[in-house]
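Q: I've got a model open and I'd like to learn how to read it feature by feature. Can you walk me through?

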Amino acid sequence: MKLATRARVLALGVLLMVMIVFDSRPARAEYGDVVINNYSEAAGMRPVVFPHWFHRVRFRCKVCHADLGFQFKAGGNQINMVKIIDGQFCGACHNGDLAWSVENCNLCHSAKPGTPTHVHESTVNKLAAPAPAPKR
Amino acid sequence: MKRVSHFAALALLFAAAAAHAQTGKALYDKVCAGCHATGIIGAPKPGDAEAWKPRLAKGMDAVLRNAVNGTPRGMPPKGGRADLSEAQIRSAIDFMIAGVAGAPAAARVDSAKAAPTPAAKVDTRPAPTPVARAEPKPAAPADAAGATAAAAAPSATGVAAVPRSTVGSESDAADVNAFNRLLKPGGGFNRPAMESGIHDPTNDATPTLQPPARAFAALPKSPAGNHVDWVKALESKRIDPRWDRNDAKAQAVVMDLNIVREVKGSMPDVVYPHKQHTEWLDCSNCHPALFVPQKGANQISMAAILLGQKCGVCHGRVAFPVSECRLCHSKKKDAATVAAGK
């Protein structure tokens, strides 16, 4: 009895370890997270992760996509730091007034190096291109 | 006979304690290690007596409360995993404080004590009867161990026979779901940035990003996308996103006009509500570039949508995904139309 139970627990333990080791599920980032890597890596920074969910809690789509002129396309806006500091795109809010300012580099530039520009978990991503696998 | 039953009970207590320890380790690895392994923003490392002592001095209950409710110093409630039970959190704490002097020897003794009492303390999920356990559901590995502990409980009290098939069926169910590429295993969404797979865990700011589960805790749920029903969240005023970035009082210009699009086959017709869209968007977002504002002027197909055109510009990227067919295809055709195949 005791032996059987122990064996069972042991087996379960081994199974757990195996599942943990082989837990190779794809990235589990939030639906709609946008990775932007137009210029970042070339300039020696991590790519940017833009969390849609965080922003839509605070602003309606229209604020960025109509008022600020963000195109509905990942990487389609040719954003760079000069424009942001000049108050365009992200810089319209991230100016130290409405939202924190540009000196917090790593809050945006936080993606794994090698992650290509894409909308995470988007249908297009799933159908048209293999899931982006960041280089290690 | 009596001796045998004592022996069996002891064996089960040991099994429950072992399972508890397993749960703790597995949970720690999956959930807590992100911060507690490196001690980031002051998170006490496992086995670090110096860090744990002052916390444990306030009592195990206080430690558990902090872990469950979160602290202003940076501990997210339940480590950002709202789906975990207190017992599971406790097992992870027990794992981390194992070997720390001054830790209640609780780690093992308590769990052993808890096991024979009705499972409530071991696992807050309902009815740890063999029947309920056989129900195939996506079980995270950590849950599986919790389930064993729970399953062991009734048998120790002699209420039910040892559910022989339980362990087998649980792991089988996990295997089956592991192959199901559509059904995501429990806890696979709303993960903190450290586990997102696209954030760099070595970036110093990554652990400071808000875990989505924390932001979403009070919002209405949905089965897909962010697992948040954004439209309901807005309607119920759980969120109050600004319409103008500088003016917190600006109101959306809402247009209440439904457009019905008849579709081929037996699929229900599409009802497009301007109302819900104009709550979020400006007319210029869709008209005229994506949709010509004229009845019958827009060719829309699911193929185009799946490729990110028309509705697919947002739906399948950030608005609810195309897996939620009936949210758009919501107007039933009458039987005659379907029969005629029009």
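Predicted model: local features only at pLDDT ≥ 70, side-chain atom pairs only at ≥ 80, totals over all residues.

Q: Which residue of β2(A) is the bridge partner of A:Val35?
A: A:Val49 is the bridge partner.

Q: What is the strand order of the sheet in chain A?
A: The order is β2-β1-β3, an open sheet of three strands with antiparallel pairing. At its edges sit β2 (48-50) and β3 (118-119) of chain A, each pairing on one side only.

Q: Over to chain B. How many helices and strands does the secondary structure of chain B come to?
A: You get 15 helices and three strands. Chain B has 342 residues, and 35% of them count as buried. For the contacts, take pairs at least 6 apart in sequence: 59% of those in chain B join residues at least 24 apart.

Q: How do I read a helix pair, say at what angle α3 and α4 of chain B pack?
A: Look at the angle, the axis distance and the handedness. Helix α3 (residues 60-69) of chain B packs against helix α4 (residues 86-97) of chain B at about 115°, and their axes are 10 Å apart. The crossing of α3(B) and α4(B) is right-handed.

Q: Which residues of α3(B) and α4(B) meet there?
A: From α3(B) come B:Val63, B:Leu64, B:Ala67 and B:Val68, and they meet B:Glu86, B:Ile89, B:Arg90 and B:Ile93 of α4(B). By type, the residues of this contact are six nonpolar, two charged and no polar.

Q: What does B:Gly47 touch, leaving out residues up to four places away in sequence?
A: B:Gly99 and B:Val100. B:Gly47 and B:Gly99 are 52 residues apart along the chain, yet 6.2 Å separates their C-alpha atoms.

Q: What is the mean pLDDT of chain B?
A: The mean is 75, and 67% of the residues of chain B reach 70 or more. Over residues 106-172 of chain B, though, the pLDDT is below 50, and that stretch has 126 contacts in the model beyond near neighbours in sequence. For the complex, the predictor gives an ipTM of 0.79 and a pTM of 0.59.

Methods:
Residues numbered from 1 in each chain as written. Chains lettered and ligands numbered in written order. Axes fitted to C-alpha atoms, helices over the stretch in contact; angles between N-to-C directions. Helix = DSSP H or I, 4+ residues; strand = E, 2+ residues; numbered from the N terminus. Left-handed = near helix turned anticlockwise from the far one by under 90°. Contact = placed C-beta atoms within 7 Å. Nonpolar A, V, L, I, M, F, W, Y, C, P; charged D, E, K, R; others polar. pLDDT = per-residue confidence, 0-100. Pairing = 2+ DSSP bridges. Buried ≥ 20, exposed ≤ 12 C-beta atoms within 10 Å, placed from the backbone.
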